[in-house]
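I opened this one to jot down a few things about helices, loops and chain contacts.

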Amino acid sequence: MALVASVPIRPAAAKPGQILAVSVIALFLAIFLVIPAGTIIYTAFTEKGTGALTIVNFIDFFNTDLFRRSFFNSVYVSGMSVVWASAIALPLAVLTTRFDFRGSLVIQTLGFVPLIMPPFVGAVAMQLLFGRNGTVNLLLNDWFGIRIPFMEGLNGVIFVQSLHYFPFILINLSTSLRNIDRSMEEAAQNLGSSGFRLFRRIVFPLAMPGYLAGASLVFVKVFDDLATPLLLNVKDMLAPQAYLRVTSVGLTDPMGYVISVILIAVSIFAMWLSAVAMRGKDYSTVQRGGGGLSRRKLSRGESAIAYGVVALILLLVLSPHIGLLLLSFATVWSFSPLPDAYTVAHYGRVFGESSLYIKNTLIYASLAGLIDVVIGGAIAYLVLRTKVVGRRWLDWAATAALAIPGVVLGIGYLRTFYGITLPDGTPLATLWVMVVLALAIRRLPYALRACYAALQQVSESLEEAAENLGATKQRTIRRIVLPLMTGGLLAGFVTSFSTAAVELSATLMLIQSNSDAPIAYGLYVFMQSPAGRGPGAALGVIAVIMVALCTLLSHYVIERRQKALGTAK
Amino acid sequence: MLKTIAAAMLMSAAFIVTAHAQDGGKVTIVTSFSKDVTDPFKAGFEAANPGFTLDVQNKSTSSGVKYIDETKVNNQVDLFWASAPDAFDSLKSKELLAKFTPSVTGLPEKVGSYPVNDPDGFYFGFAASGYGIMSNDRYLEANNLPKPAEWGDLAKPEYFDHVAIAAPSRSGTTHLTIETILQGEGWDKGWGTLKGIGGNLQQVTERSFGVPDAVNSGQTGIGIVIDFFAFSAQASGFPVSFAYPSVTTVVPANIGIVANAPNQAGAEAFVNYILSEKGQEVLLEPAIRRLPINPALYAKAPEGFPNPFKDPRFQSMITFDSDVSKKRTDVVDTLFDQLISFQLENLKGATQAIHAAEKALAANEQPAARALLDEAKALAAAMPITAEEAASKETRDAFTGGEEKTARQAELEQKWAAFATEKYAAAKAKAEEALNLVD
C-alpha cells in the first residue's frame, strides 16, 4: 500500500538482506498464489472457441443487467456492513480499553467469537433464531402478529455480515487503542480537553490505523464473501455469482473467472483507498508510556449503563452461537421457538472422531497463522520501512488472496501441484501441507493488515535511536520493532488462526482422506443429512470452544505483557 | 510457542506416516453422500470383505466431478458414488469411468421406466429415488394450508411464498425433476407450471440439501425434494410429510469405477457388495431410507415404505428420455436461473398481481377483465426460445465451448434475462389493469 508517504523516509538504498526478503516472499506468493490462481483465472481473458486473448468477456460483464445489479448490491452491502460493524465494535473497544471495566478480557474474547462461525451449522442456527420462522419471529408473531425480516434480502446479508465480521474492527481498534501513548491523552487533558471531545480529537485519530485496518478488512471480506449471501439465498451479488458459475457441473463459462478478476480489482482498490486516507498523516507515538491509555473508573450509574450496553451487544452478536448450542442439544427443532426436547447423544456420536479433527485443525490453523504472521510482518516492514523495488506488489498480491474464491484456489492447487509426484508415487497436491499453505494464503491478508497497523504506530525515531547507538538493522528489528509490534502480531495470528480453523471452501478440494480432515470438513460431512444436524452442531460447538480457548489464551498473554510493561515503568 | 509447534509438526508427521502404513487394501471412494449413509456401508463392506478398508472422501457432486477430472493424470480414486445420473454421464463422456460387469445377477433392468444401469456398463444403479413434494406438518397447520399432492398444486395462490426448490443448475436431482415435468407436460405447458411454481417460491437454494433443511427447520413449508430426504427426516423424528405427484419418475442413484483405479479389485468388491442383498439391506436403515434396487428387499421394508416395482403409482409414471434431457441440460438449467432464480422478485410481483386479479374475478366475473388476465398469464408464461431451439446445435455450442465461434453464453443469458424482465413487468401491468376493471 502506498503508505510510505506517511513518514519522511530516509533515502536508504535497498540492502541485500531486504532484496533477499522481497525475493523469497515474492517466490512464495508466486508459487502458492499467483500461479495456481492464474492458471484458472486466465480463462477470463480467452475467447470462446479460439482461445485467443480478448477482453470481450469483460464487455459482456458490463452489458449484463444481472452483473451490474450484483456489482452495485455488493458495494452497497459491504459499505453498510462497515457502518454497522463499526457501531457494534466501537463501544466494545472503547469500554474495554479506556475504562477500568471488569471482564474486559472476557469481552475481548467473546467479542471475537463471532468470527468463528462454523460453515453450514452456523447458518442453520441463525435461521432457527432469526429466520422467517425462527424463534424471534415465531414469538413476535404469537404476541403481536408481526414478523421482522431480519434474514431476508440485502438487509439480511448486512445484518448477518456485521454480526459476523465486526471483530475485525474490534480487534484491530483495541490493539491500536492499547498502543496509544498515555502522554498524548494527558497533554490534551492538561490543555483542557476531556470527555467526548478528547476521544474525537485525540484518541480516535490516534487509533485510526487500527480502525482503518479493520474497516477495510470488513469491506473487502464482505465484498468477497459468498457463504452468507448464499445461506440467505441472495444470489444477485458478485461473489455468489462467481461461485455459482465456477462450481456448476459441465459448464465452461468464463464469466465466473471474469467476476473473480473484478473481485480482486475492487478488493485491491479498497485497500489502496484506505491507504490514501492515511497518506500524509503520522500515527506513531514515540514514548512508550506502557499500559496504553489511562483507564478511568466508572461511576456506579455509568457502570450500570456500560454493563447494559455490553450485555446487549454480546447477546446479539453471540446469538448464532447460542442457537448453535441449543441445536447441539436438541432432538427435533422444527417450527417452534425452542427445541422439542434435549439430549447429549449428539456429543456422544462425534466424541470418538472429534479428537482427530481437532488435532488436524489445530495443526493446520496454527501453522497457517504462523506463516501469515511471519510473511505479513515482513511485508509490512518492507513496505513501511524500506524502499525496495517491488514491495508494494507483494502487498497487492497478498491482498488479492482475499478476493480469490476458495474453490478457485483449491482447483488451482490441484492443477499446479497434482502433476508433481512424491517419491512414493502420491501427488504433491494430496499432501496435508498443501492444505496448510492454502489456508495460509487465504488468511494472509488478515495478518498483513494487523501487522501494518501495528508497525504504523511504532515511531521510526525509536529505530533511528537504536541504530545511532550502534545496533545493526537485524538487532534493531529484533530488539525494538518486534517487541513493540507484539500486540499487532498476536492480533494477526489470532485472526488468521481462528478463521483458518473453520475454513472449508479451499480445503474441500484438497482433503484426500478422512485422517487428514480438519473439523470444518467433519462438519460438512455431517451436515448433509437430517440425522446429522445435531452431531454437526455438536462438532460446531466443539470447534468454537476450541478456537475461543486459544484466543483467550493469547489475550491473556497480551494483558499480562501490558501489565508487565505498565509496572516496569 | 516454538516447542508446541515443533511438537505439533512431529505429531502430524507421525499421523501422516500411519495413514500411509495401511495394507494396500484401501478403497478410495468419492461421494456426495452424508456420513449417515457412508458409515453403515463402510462398516458392512469391511466386515464382508476382510482386508479391505474403505476411505470415504466427501465432496459435493459437482466438486467430485471436477476433482476426478482435474486429478486424472495421477488418479488416486477408485469409485465415484452419487445420486444424479447426469454427473455419471458427464464423467463417462470424459472417459473417466471404467467398464465393469458386476457379479451380482438377477437385478431388474428398469425401475419405473428408467434403465437401472448404464447401457454400456460404466455405472450401475444401486438405489432408486423418486422426486416429490415434502412438507412440514407444523408449518402447514399454522398457516392453514392443505397438503399439496401435485406439481400443479404448488402454483395455487394459497401457496404463495411457501415453497422452496434447489436451483437445477446446482442440484442434479432437481434438474431431473424439472426435466421430468418438461417431458411429462411438454415444453411450453411444462414451463408454465414451473413458472407458476416459481412465482410461489420463497427461496431457491444453491444445494440439494438446502431444501429439506429449510423444510425440516420450518423456515419454509413445502419443498421439492428427492424422496429419501423426506423419509430419513421422518425417521429422525421431524414432523414432515412426503407425496409423489403423478407426473414424476424414479431414477437410480449410481456407483461407478473410476478409470485407472489404483485398487481395481477393491473397487469391484465394493460394487459387488453394494448390489448384493447384504449391501442392499443397508439402504433400509432409518437414517438412509433409500429404495433398494433389489425387489426382494421390500419384504423387509418398514410399513408404508413405497415399492417402485409393485406400487401401481410408479408403473404409470412417465417414460424419462435421457437423450432428450442430455441434449438440453445446460440450456434448461440456465433458463431456470435466468427466468426464475435471478428474476424471483419480478416473477413474484407478477404472480401476486395475477393471484389478486384472479381472486377478484372469481367474485365478480367480467369478460373484459378476464381477457386481460389471460393476457397477463400468457405473458408471464412466455418463453424466449422453443424446445427445438433449446436442443439446437447453435444454442448448445454457446454452453459447451465448442470448436466454432458461436454466440457466447453471457450474450444469451442477458437476452433471456431481458426478455423475462420485460414480460414479467408487462404481465404485472395487465393483471393490475384487470383488477382495476373489476374493482
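This is a predicted model: local features need pLDDT of at least 70, side-chain atom pairs count only at pLDDT 80 or more; totals for chains, interfaces and linings use all residues.

My entries follow, one topic at a time.

**Entry 1: what I am looking at.**

**Entry 2: a helix pair in chain A.** I looked up how α15 (residues 345–385) and α18 (residues 432–456) of chain A pack, and I got an angle of about 45 degrees with the axes 6 Å apart. Roughly parallel would need an angle under 35 degrees and roughly perpendicular 65 to 115, so I file α15(A) and α18(A) as oblique to each other. The crossing of α15(A) past α18(A) is right-handed. I then asked what sort of residues make the contact of α15(A) with α18(A), and they come out as 21 nonpolar, 3 polar and 2 charged.

**Entry 3: one residue from that pair.** I picked V436(A), which sits in helix α18 of chain A. Is V436(A) buried or exposed? I count it as buried, because it has 22 C-beta neighbours inside 10 Å and the cut-off for buried is 20 or more. Setting aside neighbours within four places in sequence, I find V436(A) in contact with Y364(A), L367(A) and A368(A). I also checked V436(A) against F199(A): they are 237 residues apart along the chain, and their C-alpha atoms are separated by 42 Å.

**Entry 4: a covered helix.** How many of the 10 residues of helix α12 (residues 238–247) of chain A are buried? I get 10 of the 10, so α12(A) is largely enclosed by the rest of the structure. The buried residues of α12(A) include P240(A), Q241(A), Y243(A) and R245(A). I wanted to know what does the covering, and from chain A it includes α3 (65–98), α10 (208–224), α11 (227–231), α13 (255–278) and α17 (406–417). Chain B has a part in this as well, with its α3 (61–70) among the elements that cover the buried residues of α12(A).

**Entry 5: a loop glycine in chain A.** I found G470(A) in the loop between α19 (460–468) and α20 (473–500). G470(A) has 7 other C-beta atoms within 10 Å, so I log it as exposed. From G470(A) to V547(A) I read 43 Å, C-alpha to C-alpha, for 77 residues of sequence.

**Entry 6: the chains together.** I counted 70 residues of chain B in contact with 63 residues of chain A. On the chain B side, the residues that touch chain A divide into 25 nonpolar, 28 polar and 17 charged.

**Entry 7: domains of chain B.** I have chain B divided into domain 1 (22–128 + 250–310) and domain 2 (321–439). The C-alpha centres of domain 1 and domain 2 of chain B lie 38 Å apart.

**Entry 8: positive phi in chain B.** I flagged E95(B), which is not a glycine and has a phi near 60 degrees. E95(B) lies in the loop between α4 (85–93) and β4 (97–98) of chain B. It counts as exposed, because it has 10 C-beta neighbours inside 10 Å. I also flagged R289(B), with a positive phi of about 50 degrees. R289(B) is in the loop between α11 (277–282) and β13 (291–292) of chain B. With 24 C-beta neighbours inside 10 Å, R289(B) counts as buried.

Notes
Residues are numbered from 1 along each chain as its sequence is written. Chains are lettered from A and ligands numbered from 1 in the order in which they are written. Helices (H or I, at least four residues) and strands (E, at least two) are DSSP runs, numbered from the N terminus. A residue is buried if 20 or more other C-beta atoms lie within 10 Å of its own, exposed if 12 or fewer, and partly exposed in between; C-beta atoms are placed from the backbone. Axes are lines fitted to C-alpha atoms, for helices over the stretch in contact, and angles run from 0 to 180 degrees between N-to-C directions. Angles under 35 degrees count as roughly parallel, over 145 as roughly antiparallel, 65 to 115 as roughly perpendicular and the rest as oblique. A crossing is left-handed if the near helix is turned anticlockwise from the far one by less than a right angle, and right-handed if clockwise. Ala, Val, Leu, Ile, Met, Phe, Trp, Tyr, Cys and Pro count as nonpolar, Asp, Glu, Lys and Arg as charged, and the others, Gly among them, as polar. Two residues are in contact if their C-beta atoms, placed from the backbone, lie within 7 Å. Domain bounds come from an automatic or database domain assignment.
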